[in-house]
Amino acid sequence: MKTIDMENYCVLTAPFLHHTLEYGLDAIAANGFCSIELWGASPHFCADDYTPSERAARIREIRRLLSERGLKMAVFHPEQCRQYPVNIASPEAYIRRNSMRVMEMYLEDTAAFGTDKMILAPGWEYVDDQREENRERAAESIRILAEKAARLGITLIVEEMEETVTLFTRDLAHLKRLIREVGEANVMAGLDLSLALRRGESIGDYRRTFGQIGHMHVSGPDDLRAEGNGIKEDGGTAGLTDLFRENGGRYEGVISLALWGADYYVDPDAALRKVTDQIRAESRMG
């Protein structure tokens, strides 16, 4: 069974934060990848950095840079959690209103970039003021955005996140509750494999819970290991390769290599080469 192809992977651009986007795209293409997950943050792309006409021009420029390198954008990931005051679940009307404006703008950008997936954070609530109405507000905001996304042909990906980012999807059970409460076909669960492993959750748990995984993030070689990575499928020896048993042995989804963190900023190439070597080794094992 053929398990893994380079075309199944895309590379998050975040580790190239302190490099030009051109440099990052060159590195991604040189390692044999076909697509990227664009991190929507300054300096590479942040909507608030531009006037409307400048924003449209920057989108065209990024599409040109991708095309020149034989790359495409598999998913758009606008920054929503740490660097910018975006909270679609905020109890403060003006914060929520502005956050929705920003995310609606990013939905339009997703379509303009020529991709059909966008990562969406559910917003957050105060740790000392946790209420049902806060989660309901998050679900309502996601439904509103999902309606616009549907008109644009876009799927929204909501995934499990660290408690320091949001309590609404702090584990699989909370993600399941939110996704079901939203109840929109174009809002799908994403799988952050590193986070799932730390919490004792498996690919199988996600597939049994949601049926289909909308998108997947892995953070490095440890996640890609075929054995010994702590993923256990129904009595099997397990590994990331189990995900590729769908669709007659070929997984049609995209897996993002998400090398988050300042440790990668100085030399993101070294980390990317290491992951690339692991992917190719995994492919030979298939």
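This is a predicted model: local features need pLDDT of at least 70, side-chain atom pairs count only at pLDDT 80 or more; totals for chains, interfaces and linings use all residues.
**Group meeting: strands, helices and one arginine**

Okay, let's start in strand 6, where glycine 190 is the bridge partner of glutamate 159.

Residues are numbered from 1 along each chain as its sequence is written, and side-chain values use heavy atoms, with hydrogens and water left out.

Back to the strands. Strand 5, residues 155-159, runs parallel to strand 6, and four bridges join them. To get from strand 5 to strand 6, the chain goes through helix 5, residues 172-182, in a right-handed β-α-β crossover. Right-handed means that, with the strands pointing away from you, the path from the first strand over the helix to the second runs clockwise.

Strand 6 also pairs with strand 7, residues 215-218, again in the parallel sense, over three bridges. Pairing means DSSP finds at least two bridges between the strands.

Buried means under 20% relative accessible area, exposed over 50%, partly exposed in between, with a 1.4 Å probe and protein chains only.

Now the helices. The axes of helix 3, residues 93-113, and helix 4, residues 132-152, come within 10 Å and cross at roughly 25°. Axes are lines fitted to C-alpha atoms, for helices over the stretch in contact, and angles run from 0 to 180 degrees between N-to-C directions. That makes helix 3 roughly parallel to helix 4, a label for angles under 35 degrees; over 145 is roughly antiparallel, 65 to 115 roughly perpendicular, and the rest oblique. Residues making this contact include Met100 and Leu107 of helix 3, and Ile144 and Leu145 of helix 4. Contact means heavy atoms within 4.5 Å.

Last stop: arginine 58, in helix 2, residues 52-68. Arginine 58 is buried, with a relative accessible area of 12%. Leaving aside neighbours within four places in sequence, what does arginine 58 contact? Leu21, Pro43, His44, Phe45 and Tyr50. And look at proline 43: the peptide bond from serine 42 to proline 43 is cis, with omega near 10°.

Terms used. Helices (H or I, at least four residues) and strands (E, at least two) are DSSP runs, numbered from the N terminus.
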